[in-house]
Each structure stands twice: as structure tokens, then as C-alpha cells.
Amino acid sequence: MADSKEPAQIQNNGVKWISNLLVSIDKAFEELSKILLLTMIVIVCFQVFARKLFSYTPTWSLDVTIFLLIWFSFLGIAMGFRERIHLAFTSITFSKKADVYIEKVISITEIVFALILIVYGSKLMMNDFGQTIPTMGDLPIAYRTLAIPVSGVLILFYGIFQFFGVDLKRHKGLGGGH
């Protein structure tokens, strides 16, 4: 799975700078997700060893792991949309013209889903500002649910670009039919 340095086949130079900005932001979120995964692995391993060897379970380990898992999951969802590795029927073939329309419908569906994540994720986040996570230094729970609208914004951009035929895939050969 080779990373490409730029999105493939950008048709319009007017959107190239926006696309490059999105790719830079996307790379940063992808690196963040790697760090989140590694941190979760270290925390869970530490928790297991501490519990088995010293009969001690750190009170913060579960809350931190859940926090990181939520962010990792929602960033992963957004990356799945970018790579077009969502659920797809690849055994049914259509004409090239029909495939173009199907891709447009898929992009519109992604955009609608992204808007739902942004709107309702923001409402959930605003409701969570009054609550805190005591084991994480009274961090507002809203920072945990912020992952929902952030992933929605990423999915929205991916959907818009893909609707206009801009290929933002960074890992070639993933998934099935597309």
C-alpha cells in the first residue's frame, strides 16, 4: 500500500490548492490516528500487567482508552470514506454510464451522512459541556464527542470532492471494487 504524494487525477487547477490543503489536514489526522492506536495499545498493556502483577488497576486507564478509541474510530470511519472501502456490491456490474450515476448517488449519500454527523454530533457535543471526566483532570466530555462532528466535516469534504470526480485515495489497492 504505497502512499501517493498528491491526490490522483485532479481535473481542475482551481480546486488543486483546496485539495492539497485537505490532503495535508488528512495526513495530519492519519498520523494522529496512528498515535492514538499506539497509545491505546501501551495503556491497555500497562493496565493488564499492573492488574496481573501488582493487583492494581489505574483508575484513569479505562477512561483514557475509551476517549482514544472514540477518536480513533471516528477518524477511521472518515478515512474509510476517503478510500472508498465502505460496504459495496462488487458482484453486480453496470455500464460505464450507470457507474457514473451510481458514484454520484454514493457521494450524495456520503454528504447527507456527513451533515447528519455534523449537526447531531455538534448538538451532542454541546450537551456534553456540562459533564466532565474526573479521572482525566475534569476534562469536559465534549472533547470526547467532538470526534463526531470532526469526522463529519472530513467525510463532507471527501464526499464533495468525490462527487466532482476528484480521487483523494492515498492508499491504492485497498478494498474491493472501486
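Gln47 lies in helix α1, which spans residues 16-54; helices here are DSSP runs of H or I with at least four residues, strands are runs of E with at least two, and both are numbered from the N terminus. The model is a predicted one, in which local features need pLDDT of at least 70 and side-chain atom pairs count only at pLDDT 80 or more, whereas totals for chains, interfaces and linings use all residues. Residues are numbered from 1 along each chain as its sequence is written, and side-chain values use heavy atoms, with hydrogens and water left out.

With a relative accessible area of 15%, Gln47 is buried (buried means under 20% relative accessible area, exposed over 50%, and partly exposed in between, with a 1.4 Å probe and protein chains only). Apart from residues up to four places away in sequence, Gln47 touches Tyr56, Thr57, Pro58 and Ser61, a contact being heavy atoms within 4.5 Å.

Four aromatic pairs are present in the structure. Rings of Phe, Tyr and Trp (for Trp, the six-membered ring) pair if their centres lie within 6.5 Å; planes under 30 degrees apart count as stacked, over 60 as edge-to-face, and the rest as tilted. One of the pairs is formed by Phe46 and Trp60, which are stacked at 6.2 Å centre to centre with 15 degrees between the planes. This pair links distant parts of the chain, as Phe46 belongs to helix α1 and Trp60 to helix α2 (residues 59-83), 14 residues apart. Phe46 is partly exposed at 41% relative accessibility, and Trp60 is partly exposed at 33%.

Helix α3 (residues 96-127) packs against helix α5 (residues 147-163) at an angle of about 160 degrees, the axes being 8 Å apart. Axes are lines fitted to C-alpha atoms, for helices over the stretch in contact, and angles run from 0 to 180 degrees between N-to-C directions. The angle therefore makes α3 roughly antiparallel to α5, the term for angles over 145 degrees. The crossing of α3 past α5 is left-handed, meaning that the near helix is turned anticlockwise from the far one by less than a right angle. Lys104 lies over the face of Phe163, 4.6 Å from the ring centre.

Overall, the chain has five helices and two strands, and its elements run α-α-α-β-β-α-α from the N terminus on. Of the 178 residues in the chain, 34% are buried. Among contacts between residues at least 6 apart in sequence, 74% join residues at least 24 apart.

Key: Lys NZ or Arg CZ within 6 Å of the ring centre and 35° of its normal. Parallel < 35°, antiparallel > 145°, perpendicular 65-115°, else oblique.
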